[in-house]
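Please find below my comments on the model under review. They are set out as numbered points, moving from overall properties to particular side-chain pairs.

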Amino acid sequence: MTRKQAFYETVTGYLFILPMLALTMTLVVIPILLSGVISFSDWNFIAGIGGLKFVGWDNYINLFQDEAFHRSLRNNVVLIAVVPVSMFIAMVLAALINKGTYFKSFFKVIYFMPFISSIVAIALLWRVLFHPNSGPINGFLRSIGIDHPPMWLADPNYALLAVMIIMVWTSLGFNMIIYLAGLQGIPQDLYEAADVDGASPLRQFFSITLPMLSPTTFFLLITGVVGSFKVFDLIMVLTNGGPAGSTSVIVFYLYEAAFVNLESGYASAMGIVLLILILFITLIQWVGQKKWVNY
């Protein structure tokens, strides 16, 4: 290949990525940089650029002294538990469906439907199910002898747990479909060789299936943890951060600061801290995956 041909191929490659690069710069990189600048200011976006007043590190100092932010951060950390629970249940379901012969497509559609359904519809559905007095869930608990079942969304001690149950239910279908794709990519020769050696199905699962699914597990772990820090719409529709802030998360608190209290600088500082936190957790996962992910 001549130097001229190599140059043309390089230019062609850049032209192909130019639309996505322009969108990423416009919608992601530039807003992040502007948020970084605004985070050092006391600014109300309604007042326009003329109202921009730089205050140094005050927003960050106030942020780490803010009990509401600490509570939202703790709730986000607790929500991470949704990821392994959902992944485990999805892996078991995927293994069962993959082994089955009949109605595979039917079960895939049934489990995937919550993931593609409207969050508003899901929130309204579960609000009815979790109703303290007339909800089917508490009705069932009373029928088995629990006289005082939880108030769920109306109880600060159980509201976050109720949100976590809904998050597991909605993410189950996506995780299961990804695991099914991973299972179908495992060579059957490995299982046949294990059968010849006398390995039990349980031994095959831990010695073949789990190691071969480790790249899929790593992908779902990364996306799941990042998604748990970005949850907003379900909280907004279902609980509005209540009761008593028990379900408030960082993104919801950021929304309140920016669009309710009109504290754009404070909200931007919160967004930058969230970005750094997600990057840090992702980096830990990326470094740690070298010890357990098999490619």
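**Notes on the predicted model**

1. The mean positions of the 14 positive and 14 negative charges of the protein chain lie 7 Å apart. Lys and Arg are counted as positive and Asp and Glu as negative, while His and the chain ends are not counted; each charge is placed at NZ of Lys, CZ of Arg, CG of Asp or CD of Glu.

2. This is a predicted model, in which local features need pLDDT of at least 70 and side-chain atom pairs count only at pLDDT 80 or more, whereas totals for chains, interfaces and linings use all residues. Residues are numbered from 1 along each chain as its sequence is written, and side-chain values use heavy atoms, with hydrogens and water left out.

3. The protein chain contains 14 helices and 2 strands, taken as DSSP runs numbered from the N terminus (helices: H or I, at least four residues; strands: E, at least two). The radius of gyration of the protein chain is 24 Å, well over the 19 Å given by the globule rule for 295 residues, so the chain is more spread out than a compact globule. That radius is taken over C-alpha atoms, and the rule is 2.2 Å times the number of residues to the power 0.38. The C-alpha trace spans about 80 × 75 × 30 Å along its principal axes.

4. Of the 295 residues in the protein chain, 36% are buried (buried: under 20% relative accessible area; exposed: over 50%; partly exposed: in between; 1.4 Å probe, protein chains only). Among contacts (heavy atoms within 4.5 Å) with a separation of 6 or more, 66% join residues 24 or more positions apart.

5. The count of aromatic pairs comes to 18. Rings of Phe, Tyr and Trp (its six-membered ring) pair if their centres lie within 6.5 Å; planes under 30 degrees apart count as stacked, over 60 as edge-to-face and the rest as tilted. One of these pairs, Phe115 with Phe174, is stacked, at 5.0 Å centre to centre and 20 degrees between the planes. Phe115 belongs to helix α5 (residues 104–116) and Phe174 to helix α8 (residues 159–184), 59 residues apart. Phe115 is partly exposed at 40% relative accessibility, and Phe174 is partly exposed at 26%.

6. Phe218 and Trp286 form a tilted pair, 5.6 Å centre to centre with 50 degrees between the planes. Phe218 lies in helix α11 (residues 214–229) and Trp286 in helix α14 (residues 264–288), so this pair ties together parts 68 residues apart in sequence. Phe218 is buried at 5% relative accessibility, whereas Trp286 is partly exposed at 49%.

7. Ring pairs also link Trp126, Phe130, Trp152, Tyr158 and Trp169 into a cluster.
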